[in-house]
Amino acid sequence: MISALFRLLLPHPALTVLLTVVWSLLQNKLTAGMFVFGVILGIVIPILTARWWPDRPERIRVGRMLAYCLLVIWDIVVANIQVAWIVLTRPNARIRSAWVVVPLDLRTPEAITILAATITLTPGTVTADLSDAGHSLLVHALDTDNPDAVRDDIKNRYERRLKEIFE
Amino acid sequence: MTLETIAVVAIAASLVVGALFTLVAGIGLLKLNGAMPRLHAPTKAGTLGIGAFLMASMIHSWTYDEGSLHELLIMGFLFVTAPVTANFLAKVNIHRRDCDTPPEPPRDDTWSTLLVPVPDQEQDQDQAQGQA
């Protein structure tokens, strides 16, 4: 009974929390009235949009997600410096760009989206395309002497962690 | 050394780091040749360069003013939208054949950008004939 009511009022608890936090941040100072209004928005919007989230992931591991975010931010900083060094010091003729095909083990659309965004945000690689049935990602690497190593790096470093978070 | 001095140094350092990375992104956009390598440069400024600028803005507002967390939202929206832009530019490059043709995917038939449904192919031909 209580869990049914909970499910009816909060079809998407994570979205409720996210909307409340975003609303409070938009106000830029925390007042009780605006926080309550944010909670109301956070309850009403998921109820109105619930029908567009039919296959959303049932649960994600929040702690591992935070650890993953920190890892990605660290990688962005390190890889930015590497790419800046390549751009400034290496002549164009010696930059070896390559396509890298990453076969996917992930099946959840949300997880694939996050993996694709992670690959683009970490400098040196850009996600270009998804295969027609969604079993592979096409990645462009700015400078690599070994495309297989880039593929294994993406699979071991990011995809394995996302698999733990979502599945 | 007071707290304010440390804050000023941190603001200046963040601004310099942000300016450096944005400059490198601009240089990369000019210097790299080919549509795909060129795509790499601006997607990077969006992350570290802007991140450093926003850090400077946050430290400044917490030191001299009431403090502001808007920057976190800017960062969040940027991280969500920047990969979409890069992805669309890459898809246009593939579609217009502005880059090397990508290798075939191992399990599926083709890449989704190269997959044109048959009715659309006929339409394209009709349009080409109409223009001719």
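## The contact between the chains

In this predicted model, the contact is made by 37 residues from chain A and 43 residues from chain B. On the chain A side, the elements that give two or more residues are helix 2 (13–27), helix 4 (62–89), strand 1 (98–103), helix 5 (109–121), strand 2 (125–130) and strand 3 (136–141). Helix 4 of chain A supplies the largest share of that side, seven residues.

Sorted by class, the side of chain A that touches chain B has 23 nonpolar residues. The others there are eleven polar and three charged residues.

## Domains of chain A

Chain A is divided into two parts: domain 1 covers 2–52 and domain 2 covers 62–166. The C-alpha centres of domain 1 and domain 2 of chain A lie 33 Å apart.

## The nonpolar core

The largest nonpolar core has 43 residues. Within this core, Leu115(A), Val139(A) and Leu162(A) touch the most other members.

Leaving out residues up to four places away in sequence, Leu115(A) touches Leu106(A), Tyr158(A), Glu159(A) and Leu162(A).

## Annotated spans of chain B

An unreviewed UniProt entry places the feature "transmembrane region" at residues 6–30, 42–60 and 72–90 of chain B.

Two of these spans can be described in the model. Residues 6–30 of chain B are 100% helix and 0% strand, and their end C-alpha atoms lie 36 Å apart. Residues 72–90 of chain B are also 100% helix and 0% strand, with end C-alpha atoms 28 Å apart.

Terms used. Residues are numbered from 1 along each chain as its sequence is written. Chains are lettered from A and ligands numbered from 1 in the order in which they are written. This is a predicted model: local features need pLDDT of at least 70, side-chain atom pairs count only at pLDDT 80 or more; totals for chains, interfaces and linings use all residues. A nonpolar core is a set of buried Ala, Val, Leu, Ile, Met, Phe, Trp, Tyr and Cys residues joined through C-beta atoms within 7 Å. A residue is buried if 20 or more other C-beta atoms lie within 10 Å of its own, exposed if 12 or fewer, and partly exposed in between; C-beta atoms are placed from the backbone. Two residues are in contact if their C-beta atoms, placed from the backbone, lie within 7 Å. Domain bounds come from an automatic or database domain assignment. UniProt positions are given in the numbering used here, feature names are shortened, and annotations may be inferred rather than shown by experiment. Helices (H or I, at least four residues) and strands (E, at least two) are DSSP runs, numbered from the N terminus. Ala, Val, Leu, Ile, Met, Phe, Trp, Tyr, Cys and Pro count as nonpolar, Asp, Glu, Lys and Arg as charged, and the others, Gly among them, as polar.
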